[in-house]
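Biologist: I have a structure to go through with you. Could we take it one question at a time?

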Amino acid sequence: MCFNEKFSEFAEIGDLSKFTLDELKHKVRGFNFEVQEEDDILIAKWYNKHSELIILYNKNELFIKIFSDKWLNPRFSNC
């Protein structure tokens, strides 16, 4: 089996820690976006029918870490 999907826009951007939340929000298209505030942490979630990426930011919208990155519905095909 071979993976038949284009890599995520996030993979093409490169090092996500170089971007603030606002910068990344404006850079990425084609994903739904939600943000929640919990204590002093911003939990940003980008998702579509194929994948979900959750990144944690501080109150100043500076990158802390990637919390999770998962494929929700990968499509495979025979090559």
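The questions below go from the overall fold to the core, the rings and the charged pairs.

Biologist: What kind of model is this, and which pattern does the protein chain follow along the sequence?

Modeller: This is a predicted model. The protein chain has two helices and six strands. Read along the sequence, the pattern is β-α-α-β-β-β-β-β.

Biologist: What share of the residues in the protein chain is buried?

Modeller: The protein chain has 79 residues. Its accessible surface is about 5600 Å², and carbon and sulfur atoms hold 48% of that. The buried share of the residues is 25%.

Biologist: Of the contacts with a separation of 6 or more, what share joins residues 24 or more positions apart?

Modeller: Count the contacts in the protein chain with a separation of 6 or more. Then keep those between residues 24 or more positions apart. The share is 27%.

Biologist: Which residues of the largest nonpolar core touch the most other members?

Modeller: In soluble globular proteins, nonpolar side chains tend to be buried together. Here the largest nonpolar core holds 13 residues. Helix α2 and strands β3 and β4 each supply at least two residues of this core. The residues that touch the most other members are Phe10, Leu24, Trp46, Ile55 and Tyr57.

Biologist: Is Tyr57 buried or exposed?

Modeller: Leave out residues up to four places away in sequence, and Tyr57 still touches a list of residues that includes Phe19, Leu24, Ile41, Trp46 and Ile64. The cut-off for buried is under 20% relative accessible area. Tyr57 has 0% relative accessibility, so Tyr57 is buried.

Biologist: Which geometry does the aromatic pair of Phe10 and Phe31 have?

Modeller: The count of aromatic pairs comes to four. In the pair of Phe10 and Phe31, the centres are 5.1 Å apart and the planes make an angle of 65°. Planes over 60 degrees apart meet the cut-off for edge-to-face. The geometry is therefore edge-to-face.

Biologist: How many residues apart are Phe10 and Phe31?

Modeller: Phe10 lies in helix α1, and Phe31 in the loop between α2 and β2. Phe10 is buried at 7% relative accessible area, and Phe31 is buried at 17%. The pair links distant parts of the chain, 21 residues apart.

Biologist: What is the angle between the planes of Tyr57 and Phe63?

Modeller: Tyr57 and Phe63 form an edge-to-face pair, 6.3 Å centre to centre. Phe63 is partly exposed, with a relative accessible area of 24%. The angle between the planes is 85°.

Biologist: Which residues form one aromatic cluster?

Modeller: Two members, Phe10 and Phe31, form an aromatic pair. The cluster also takes in a further Phe and a Trp. The members are Phe10, Phe31, Phe33 and Trp46.

Biologist: What separates Lys25 and Asp22 along helix α2?

Modeller: Side chains of opposite charge can pair when their charged atoms come close. Lys25 and Asp22 form a salt bridge at 4.0 Å, N to O. Lys25 is partly exposed at 31% relative accessibility, and Asp22 is partly exposed at 34%. Both lie in helix α2, about one turn apart, a separation of three residues.

Biologist: Which parts of the chain does the pair of Lys59 and Glu37 tie together?

Modeller: The salt bridge between Lys59 and Glu37 has an N to O distance of 2.1 Å. Lys59 is partly exposed at 44% relative accessibility, whereas Glu37 is exposed at 51%. The two are 22 residues apart in sequence, so the pair ties together the loop between β4 and β5 and strand β2.

Biologist: Which residue in the turn between β2 and β3 has a positive phi?

Modeller: Strands β2 and β3 pair in the antiparallel sense over seven bridges. The hairpin has two residues between its strands, and the one with a positive phi, about 55°, is Asp39.

Biologist: Which residues do salt bridges with shared partners join into one network?

Modeller: The whole structure has four salt bridges. In one of them, the closest N and O atoms of Lys45 and Glu52 are 3.7 Å apart. Lys45 is partly exposed at 24% relative accessibility, while Glu52 is buried at 12%. The network joins Lys45, Glu52 and Lys70.

Conventions
Residues are numbered from 1 along each chain as its sequence is written. This is a predicted model: local features need pLDDT of at least 70, side-chain atom pairs count only at pLDDT 80 or more; totals for chains, interfaces and linings use all residues. Side-chain values use heavy atoms; hydrogens and water are left out. A nonpolar core is a set of buried Ala, Val, Leu, Ile, Met, Phe, Trp, Tyr and Cys residues joined through side-chain atoms within 4.5 Å. Buried means under 20% relative accessible area, exposed over 50%, partly exposed in between (1.4 Å probe, protein chains only). Helices (H or I, at least four residues) and strands (E, at least two) are DSSP runs, numbered from the N terminus. Contact means heavy atoms within 4.5 Å. Accessible areas come from the Shrake-Rupley method with a 1.4 Å probe; for residues, only the protein chains shown count as cover. A salt bridge is a side-chain nitrogen of Lys or Arg within 4 Å of a carboxyl oxygen of Asp or Glu. Two strands pair if DSSP finds at least two bridges between them. Rings of Phe, Tyr and Trp (its six-membered ring) pair if their centres lie within 6.5 Å; planes under 30 degrees apart count as stacked, over 60 as edge-to-face and the rest as tilted.
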